[in-house]
Amino acid sequence: MKFYLINGSPRKKYNTAKLLDSASLAITDEYKKHQLQEDVDVEIIDLYDLDYKGCKSCFHCKKIEGKYYGNCPIKDDLRQLLPKIWECDGLIIASPIYFTNITGQTRSFLERLLFPKYVYGAKTLAKPKPTAFIYTMNVKKQFSDQQYPQAIYDNIERFIKYTFGYLETLKVYDTYQFKDYSLYENYLFDEKEKKQQQLNQFPKDLESAYNLGVKIFKQAMENKNE
């Protein structure tokens, strides 16, 4: 079984990455519990290591009987990766929220991942798979609820669910942004409160990410047994 975990943050060892590590651990733990005959492979992809752009609107993926129908023809670092993700057993994508939206790299990745399998007014071309999206943000939940439009989540989730048929989500709030707050100009966040949040809440967030990984694995097992 193959699972891809996509890190849409430029940081490889910070909050978003740690949450994906927790989900990855859950998948491997569940695999061990089930004692499956086949191997399981969990691969974490850091999008900021890849060289690619968003959809170029060439429409080759939509051309009837075309060479690239249902696939993206752009020759870059996603060319070999996308077909593997389309065929995998489970997928988890994670991104921090920058300027009230997911990162640019994540947005471009989603365009390239979802659009080739999207057929106007017809059934998706993608293989069904359990998918999850993790959002991280350094603001508190109340601020997010008041200031961040719900549409940014709804639009992402609608297209992912349409494409792959199954979606779980997790929002992680009030993350610890800097290793040393005194080095950066900041009038909005209290470092002591942030530190307490990191010590008290983030372990719970990691547990939530672990439970998310369990759900994705179990759903992938159900799909295989159907």
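Predicted model: local features only at pLDDT ≥ 70, side-chain atom pairs only at ≥ 80, totals over all residues.
## Overall fold

The protein is built from seven helices and six strands. Along the sequence they follow the pattern β-α-β-α-β-β-α-β-α-α-β-α-α. The radius of gyration is 18 Å, close to the 17 Å that the globule rule gives for 226 residues, so the protein is as compact as a globular protein of that length.

Taken along the principal axes, the C-alpha atoms fill a box of roughly 60 × 45 × 30 Å. Of the 226 residues, 48% count as buried.

## Nonpolar cores

In soluble globular proteins, nonpolar side chains tend to be buried together. The largest nonpolar core in this model has 34 residues. Within this core, the residues with the most contacts are Ile6, Leu91, Phe109, Leu110, Leu113 and Phe133. Two or more residues each come from the strands β1 (2-7), β3 (90-98) and β5 (129-136), and from the helices α2 (81-87), α3 (104-114) and α5 (151-164). The largest share, five residues, is that of α5.

Leaving aside neighbours within four places in sequence, Ile6 is in contact with Leu20, Ile45, Leu47, Ile85, Leu91, Ile92, Ile93, Ala94 and Phe109. Another core, of 23 residues, lies apart from the largest one, and among its members are Met1, Ile27, Leu212 and Met221.

## Helix α1

Helix α1 covers residues 15-34. This helix has 20 residues and reaches 29 Å from its first C-alpha to its last, close to the 28 Å expected at 1.5 Å a residue. Its buried residues are Asn15, Thr16, Ala17, Leu19, Leu20, Ser22, Ala23, Ser24, Ala26, Ile27, Glu30 and Tyr31. An α-helix has 3.6 residues a turn, so residues three or four places apart point the same way. Just after α1, Gln35 takes a positive phi of about 50°.

Beyond its neighbours within four places in sequence, Glu30 is in contact with Val214, Phe217 and Lys218.

## Aromatic rings

The structure holds twelve aromatic pairs. One of them joins Tyr118 and Tyr120 edge-to-face, at 5.7 Å centre to centre and with 85° between the planes. Tyr118 counts as partly exposed, at 22% relative accessibility, and Tyr120 is exposed, with a relative accessible area of 53%. Phe178 and Tyr181 also form an edge-to-face pair, with 4.9 Å between the centres and 70° between the planes. Both Phe178 and Tyr181 are buried.

Tyr118 and Tyr120 belong to a cluster linked by ring pairs, together with Phe59, Phe115, Phe159 and Tyr162.

## Charges over rings

Two lysines sit over tyrosine rings. The charged end of Lys18 is over the ring of Tyr14, 6.0 Å from its centre. Lys171 lies over the face of Tyr153, at 4.3 Å from the ring centre.

Terms used
Residues numbered from 1 in each chain as written. Heavy atoms only, no water. Phe/Tyr/Trp six-rings, centres within 6.5 Å; stacked < 30°, edge-to-face > 60°. Buried < 20%, exposed > 50% of the residue type's maximum accessible area, 1.4 Å probe, protein only. Lys NZ or Arg CZ within 6 Å of the ring centre and 35° of its normal. Helix = DSSP H or I, 4+ residues; strand = E, 2+ residues; numbered from the N terminus. Contact = heavy atoms within 4.5 Å. Core = buried A, V, L, I, M, F, W, Y, C linked by side-chain atoms within 4.5 Å. Expected span 1.5 Å × (residues − 1). Rg over C-alpha atoms; globule rule 2.2 N^0.38 Å.
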